[in-house]
Amino acid sequence: MNILGPRGHFLLGSLPDIQRDRVQFLVDLQRDYGDVVRIRLGPVNALAIFHPDAIQRVMQDNQSNYSKETLAFTSMKLVVGNGLISSNGDFWLRQRRLMQPAFHKDRINLLCDMIAQQTQMILDPLESAVKSGQAVNMSHEMMNLTLGIATQSLFGSRVQDVDGNLGETMRHLMSDTTFRFEHPFYPPLWFPASRNRNLNAALNRLDEVIYGIFAERRKYPGEKNDLLEMMMEAQLEESEVTGGHPRRMTDKQLRDEVVTLMLAGHETTSVNLCWTLYLLSQHPEVEARLRRELDDVLSGRPPRLEDLPRLEYTRMVRDESMRLYPPVWLTERKSLKEDVLCGYNIPAGKTIAITQYVTHRHPEFWKNPETFDPERFSAERSVGRHDYAFFPFSGGQRQCLGKNLALLETQMILAMLLQRYHFELEPGWKVIKEPELSLRLKGGLWMRLKPI
């Protein structure tokens, strides 16, 4: 069967349509052409796949045939280097094995008290805005909170942010990566264009912080029991590669992994929290039920690890928010050899776009897909659901290493926020999707907070 798709611009293909509205372009593709669609991006011919069967084939059943050697991940490498999110093959597998112990579920569970403390630290300063009736940009607040949790988890303390611009530096790096993916002919990093100078300055700023932490840690080895300490000490016996000697990460590789975790970890969790607060503000009946659960289970105290299984509706709200607005809304793979997806022959060397945003709305798997309905994720209604109808953390061997931390963190923060405040969208504020590396809210999320 021939794979159909839009003709697009005679020279640029579908690039103008993508730049106008990235998300809607992909939604329209699935509606108009089905589950495997041809796309032309300038001189490059690519595919988009939307059916969970095809996604499972790519991410799990035949995952060795699909690499991350794509334009999007090449752009990302400018920032994250050869970190887990962008590396491939045997090197990726070695790095995954080196880092896996640091993200064991039992170890992540130990971070509960720290997450509660960090959340309390941002709740108290909000009181002045609440008393004055001022609107608060919850995107800014959630970014600062999740960045603090990410750095505390990695380094055992908040990063010393001398000029207060580390969060903004990281947001700039994420936005610039998206720009370079959409403008593949932009001059390379060595060319003295203003955008390149700004990117280099941001990278230098970030590296100064990261390498400074490494240097300080080596002055006092073994004093902190955190993820960085485990990563610095991680060793893997690889007799064929190292002649039987333990293999350690170089400082450059350690830097790449730390930057990957800082960027991916704090950004996606923050975005998920913001979309959840927005959805709750639009569905007071859901918020009321969630609050009743919090009152019944917690009775006004902060959540603890043993409470989380009982916060069942809170979990369902979080998951339904990730279905409608997945923080990682798009990813890519490249076929190494020929394959067959949903009956279509896929040639070798083809870039394949996989979009959680569209698949999470696939009408074959989701009834009334645009409706916010947390009950979809009840145990009864989840029976028999395709594993790749909902995959906010990717899937297969390359499922996000930080999944357990993100789920734990989001559920705890959401509980603590809703225990204390009712969140209303600022009158007149228009919520607009900003699909970059993550599915941000354009201009932030301005809300008014009312004490419970």
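A residue counts as buried when its relative accessible area is under 20%, as exposed when it is over 50%, and as partly exposed in between, with a 1.4 Å probe and protein chains only. Tryptophan 366 is buried, with a relative accessible area of 3%. Phenylalanine 377 is also buried, at 6% relative accessibility.

The model is predicted, so local features need pLDDT of at least 70 and side-chain atom pairs count only at pLDDT 80 or more, while totals for chains, interfaces and linings use all residues. Residues are numbered from 1 along each chain as its sequence is written, and side-chain values use heavy atoms, leaving out hydrogens and water.

Rings of Phe, Tyr and Trp (its six-membered ring) pair if their centres lie within 6.5 Å; planes under 30 degrees apart count as stacked, over 60 as edge-to-face and the rest as tilted. A search of the whole structure finds nine aromatic pairs. One of them is stacked: tryptophan 275 and tyrosine 325, 3.9 Å centre to centre with 10° between the planes. This pair links distant parts of the chain, 50 residues apart, with tryptophan 275 in helix 14 (residues 251–282) and tyrosine 325 in the loop between helix 16 (312–324) and strand 7 (331–335). Helices (H or I, at least four residues) and strands (E, at least two) are DSSP runs, numbered from the N terminus. Both tryptophan 275 and tyrosine 325 are buried. The rings of tryptophan 366 and phenylalanine 377 have centres 5.9 Å apart and planes at 40°, so that pair is tilted.
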